[in-house]
Amino acid sequence: MDKREAKPKKRRPLPLMGTRFGPLVQVLLMLALVAGGLAAFVRFGLPVLREASDHPADLSCLGFSTPAPSPSPVPTPRPSPTPQPGMERPLYGLDLAQVQHEILVGEYQYAADFSVFGDAILFAAGNYTQDGTAAFVRAILYDTKTKRASYMPLPLSYKSIRRVRMNERWIVYLDAAASGGGQIRTYDRRTGEDRILKTVHLGLPVLALWEDTVFWIERTGTSRDKLFGCDLLTGESVTLELFDSVDAGISALDAGGGKLVYVSAPGTLKTLDLVTGESREDRFGLTVHDPKTDGRVTAFLTGYHGEDSDLVYVGEDGQLVTVARGVEDYALADGAIVYGTLDRMYVYFMDDGATFALTRGKEKAMFLTGGGDLVVWMDVTWRDKDIIEYMHLNDFSEDLG
């Protein structure tokens, strides 16, 4: 065998590779291959990897449990600040000195039995007599818009006008003797006619007026009280309920919005619908004292006007809502409850629970009444003379000019 034929033949280099451009061509080819690989990976490989990361491989066939996918991170929401209750109300940041006013009745030194009628404040006024007792001989209607006082022509057989109340047609009051008792009377504002409705032998019963009817609770025996109702058109009175409970006798009643509320037994609030005649009793398991209503909201005290008295009202769900503790007295206003504690005055708005102090600086105040847009109190910082003050709760346009 010819050994020359067994040797492999040598490959001839490409013509270009044997030139001086050969190495450059090799580099360019390598770069082209790398670029093509990267492009293919970006185009086809990355989507596959993303899908694989979102869906881990199912290894259950090998006896391994498949881990649950990790939740995608969610940014934590930025907490929104909770606005302070009452910030949107005109009272917030208001200079109370600009919107609080005095009632000056120069010829009379003392006043009592305040109530609100529209934009007016009704009360009895008088002076001390020679025997050292106060005689309230005038009923005064003070218009807060015109800032003028009108004297109501109410006849007297005894000594004082007490428990005075008014509506569009009637004024009712107790013509009171110095020792208590007297006559319940009415005055027709349309005709000027006055009438004695009933003689009262004990105490000074609180009067509740609704349309053409007046109500009161009167002590008629050693331990018995009666709830009376009297038709002002005819002068006829009827007994609506008898009480043998002390709580009923010492608690005031109130009428408003077609409802009459009073205490019928210890811890029992009774509501009489003056339109339908239906009645309802609610037992709350605590003291119920001096309830008041505007026909929609009913409130009461859980004590007897002092540090042990909570002010509560019945919410829409029938549950009690506590407004304040240590309340001396209160009244219902439009959408609010105004009340006084020891030396301080406040207003509580029922829609958002916002409470505002109405007493300025070192001023000491005693609650008198409230209703509608008004709250009335007495400045008792100085005791030389009763200084009656009032303010509106919402509309301050006239006060601020």
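Entry 1: I started with Arg325, which is exposed at 62% relative accessibility. I keep in mind that this is a predicted model. Next I asked which residue forms a salt bridge with Arg325. I found Asp310, with the closest N and O atoms 2.7 Å apart. Arg325 sits in strand E21 (residues 320-325), and Asp310 sits in strand E20 (residues 310-314). The pair therefore ties together parts that are 15 residues apart in sequence. Is Asp310 buried or exposed? I noted 17% relative accessibility, so Asp310 counts as buried, the cut-off being under 20%.

**Entry 2: a pair across the chain.** I looked up Asp113 and Arg163 next. Their side chains meet in a salt bridge, at 3.7 Å from N to O. Asp113 belongs to strand E2 (residues 110-117), while Arg163 belongs to strand E6 (residues 160-166). The two residues are 50 residues apart, and the pair links distant parts of the chain. I checked the cover on each partner. Asp113 is buried, with 14% relative accessible area. Arg163 is partly exposed, with 22%.

**Entry 3: another arginine.** Which residue forms a salt bridge with Arg185? I found Asp194, and the closest N and O atoms are 3.1 Å apart. Arg185 is buried, at 5% relative accessibility. Asp194 has a relative accessible area of 32%, so I wrote down partly exposed. How many salt bridges are there by this rule? I noted a count of 17.

**Entry 4: a nonpolar patch.** I turned to the surface. Which residues form a nonpolar patch there? I listed Val246, Ile250 and Tyr304. Together they have about 290 Å² of accessible area. Val246 lies in helix H3 (residues 246-250). Its relative accessible area is 54%, so I marked Val246 as exposed.

**Entry 5: the whole chain.** I finished with totals. The chain has 4 helices and 28 strands. I noted 401 residues, of which 41% are buried. The accessible surface is about 23,300 Å², and 54% of this area belongs to carbon and sulfur atoms.

How values were computed:
Residues are numbered from 1 along each chain as its sequence is written. This is a predicted model: local features need pLDDT of at least 70, side-chain atom pairs count only at pLDDT 80 or more; totals for chains, interfaces and linings use all residues. Side-chain values use heavy atoms; hydrogens and water are left out. Buried means under 20% relative accessible area, exposed over 50%, partly exposed in between (1.4 Å probe, protein chains only). Accessible areas come from the Shrake-Rupley method with a 1.4 Å probe; for residues, only the protein chains shown count as cover. Patches are made of residues with over 30% relative accessible area and no salt bridge: like charges are joined within 9 Å, nonpolar side chains (Val, Leu, Ile, Met, Phe, Trp, Tyr) within 5 Å. A salt bridge is a side-chain nitrogen of Lys or Arg within 4 Å of a carboxyl oxygen of Asp or Glu.
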